[in-house]
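Dear colleague,

Please find below the structure I promised to pass on to you. My notes on it follow directly after.

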Amino acid sequence: MFTGLRATNSMGEGLDLPLGDYSSGYLVVDVDGLGPVKAAFTTTQLANTAGSQFRSSVRESRNVVITLGLRPDFVASSGQSLRDGLYRFFSPGEAVTLGVFMDGEILGQLVGRTETVDPEIFVKKPSVVISVLCFDPDIVGAQVTTDTWASHATTTRAVEYSGTVPTGFVLSTAALTGAVSAIEIRNQSSLADTYFNFADSLLTGDVVRFSTVKGSKYAKRSRTSVEKSVLYGVPASAVWGVLYPGSNTIRVKHTGTAFNYSLSYFPRYGGI
């Protein structure tokens, strides 16, 4: 059950907004926009054919609208001081992070920018309506999950992904104990079967990291404490795989010396 929000401003200051608790002077009246967002479709209309043909879809940005009642005690706080406190966290155009709490525990975070802050001042029960636009619609898990395994030609590993929308991951090798010339990452799920290939002359002591995270994809190699991009080793046919909701079967295959590796990811949720 949804139990509240935590707003964090660009200075790292936090404001807790729990449901049913207005000891801070802020009463959460309503929070809209935490469910799955609307999808936008691209279609093609065909001559002499009813309807249209589906081409693609994409989820739109998330708009979170928070309605807060102000409950000053007129000793330590007033309506104006409570509004000033909110403006420190919600200022139009400025960045804000919203932590989403379920059953008292943080589920994840939304990163957005305040669109509007509309206070009702000259009323018996003052309130403020805040609109936050989150251009990434997903609630990103607050805790990273990391699994550690060893590469093998045939052995697979199961990853049970609890998120509700796909998420990218970072695969990092331990320091190599021998030469490696190629790495293949395969992920099988009920939704897709993807291959990611990489080829390069890797030496003992090298560490390689691959990120398939949306907006932050890379292939990097660390050698003698110097890190460089090795995207040249990723062919155009490679698929930057992701974890899909439910069961995923991962296989990391090597050409050369076997190595240990870790797989890290943040779960992503399409709504609550």
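A strand, as the word is used here, is a DSSP run (E) of at least two residues, numbered from the N terminus. Please note that this is a predicted model.

I begin with the pockets. Strand S5 (residues 53–59) gives the most to the lining of the second largest pocket, contributing 3 residues. The lining of this second largest pocket consists of Ala39, Ser57, Val58, Arg59, Phe135, Pro137 and Lys214. By class, these lining residues divide into 4 nonpolar, 1 polar and 2 charged, and the volume of the second largest pocket is about 180 Å³.

The largest pocket holds about 350 Å³ of space. Its lining is made up of 20 residues, and those nearest the centre are Thr167, Gly168, Val213, Lys214 and Arg268. In the lining of the largest pocket, 10 residues are nonpolar, 6 polar and 4 charged.

I turn next to a sheet. Four strands form an open sheet in the order S12-S19-S14-S15, with antiparallel pairing. Strands S12 (157–161) and S15 (193–202) stand at the edges; each has a single partner strand, so one side of each is left without a neighbour in the sheet. On average, neighbouring strands of this sheet are turned by 20° against each other, direction ignored. Strand S14 (residues 180–188) pairs with S15 in the antiparallel sense over 8 bridges. Gln188 has Asp193, in S15, as its bridge partner.

With kind regards

Definitions and conventions: Residues numbered from 1 in each chain as written. Predicted model: local features only at pLDDT ≥ 70, side-chain atom pairs only at ≥ 80, totals over all residues. Heavy atoms only, no water. Pairing = 2+ DSSP bridges. Axes fitted to C-alpha atoms, helices over the stretch in contact; angles between N-to-C directions. 1 Å grid on protein atoms, 1.4 Å probe; cavity = no way out; pocket = protein on both sides within 12 Å on 5 of 7 lines; lining within 4 Å. Points joined across faces, edges and corners; volume = space filled by probe spheres on them. Nonpolar A, V, L, I, M, F, W, Y, C, P; charged D, E, K, R; others polar.
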